[in-house]
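User: Hey, can you walk me through this one? I'd like to start with the ligands.
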Amino acid sequence: MKTFVINLEKCNGCYACQLACKDETVGNQWLPYSEPQPKTGHFWLKMTEKVHGQVPKVRVEYRPEMCRHCEEAPCMEAAPEAVYCRPDGLVIVDPEKARGQRQLVDACPYGAIWWNDELEVPQKCTGCAHLVDEGKLPHCVDACPTDALLFGEEEELAAMVAQDQGAFAIDGTKPRVHYVNPFGLFISGEVWDPEADLIIEGATVTLEGPDGAVQTAATDGFGDFWFRHLDEGTYRMSIEADGFQGVQKTIELTESVNIGDFPLQKA
Ligand code: SF4
Ligand code: SF4
């Protein structure tokens with residue numbers, strides 16, 4: 001069985017995968033797997049962006065979204081005569097048998113099926129089944145310059161697949177597209193000395209998480225500190241530096257946050 005792994009830590013948001021998908025399918029008929037993707041309105045692979053934090057401490061999270069080639073596919077349940085799973089695990093909406101079945105668009109809980117008005121057919125990522133048949137990689141995977149997109153046999157990618165914590169999986173679908181190293185949330189800030197009007201480098205910032213786990217960070221040459229890959233919850237933070245009075249703060253984390261400047265008073 002084939003599987004996709006999307007390593008979010010490696011994705012730099014270059015959009016090469018989205019363009020490669022368009023390049024492969026717009027104006028190209030790949031029967032028996034797909035009619036051409038329309039020039040506009042469809043994104044069989046769609047990049048999503050989420051901005052985390054507040055200026056000046058901002059990071060953008062990029063995530064390629066596409067059909068998850070579900071093992072338990074709601075689209076297949078909705079139209080078993082028109083949607084099938086190949087022996088290699090790729091889920092195909094048969095363009096002939098699915099003609100006129102607009103309800104399939106709503107059958108996909110991931111929003112991965114698009115309606116082609118002109119041809120009156122529901123369409124989606126085929127995993128570039130026509131290329132896979134020739135022993136090639138899906139075009140998006142081939143085009144990714146950072147190896148953020150991987151495609152191969154489940155056994156070959158087992159170690160990566162095992163890292164999938166199900167962050168973007170919907171219960172009861174068993175996706176074959178695995179997202180690993182999700183961005184998570186961050187807490188950042190800056191520590192400075194108001195008397196000298198200078199940042200403090202090397203201050204120790206300690207963060208206790210909702211599960212009691214403790215991590216520490218040292219402020220860098222800009223006085224900045226970062227804690228990444230956090231979950232939602234209540235965090236207790238303390239900041240200490242030699243010769244200064246320490247400070248404590250409690251943070252209810254629901255979104256990534258730049259908690260701003262921390263002035264430390266001389267001890
Ligand atoms: S992601 Fe949607 S279209 Fe793809 S297999 Fe699952 S239910 Fe079907
Ligand atoms: S091609 Fe690779 S690095 Fe570029 S946006 Fe797509 S997944 Fe990310």
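Predicted model: local features only at pLDDT ≥ 70, side-chain atom pairs only at ≥ 80, totals over all residues.

User: Which residues come nearest to ligand 1?
Analyst: C67, C70, A73, C75 and C108, out of 14 around ligand 1. Being around it is judged by the C-beta atom, placed from the backbone, lying within 6 Å.

User: And what surrounds ligand 2?
Analyst: 15 residues, with C11, C14, A16, C17 and C144 the closest. α1 (16-25) and β3 (57-66) each give two or more residues to that shell; helices (H or I, at least four residues) and strands (E, at least two) are DSSP runs, numbered from the N terminus.

User: OK, new topic. Where's the cis peptide bond with omega near 10°?
Analyst: From L31 to P32, and P32 sits in the loop between α1 and β2 (45-54). Another cis bond joins V55 and P56, omega about 5°, with P56 in the loop between β2 and β3.

User: What's the phi of H69, and is H69 buried or exposed?
Analyst: Phi is near 45°, positive in a residue other than glycine. H69 is buried, with 27 other C-beta atoms within 10 Å (buried is 20 or more, exposed 12 or fewer, partly exposed in between, with C-beta atoms placed from the backbone).

Notes
Residues numbered from 1 in each chain as written. Chains lettered and ligands numbered in written order.
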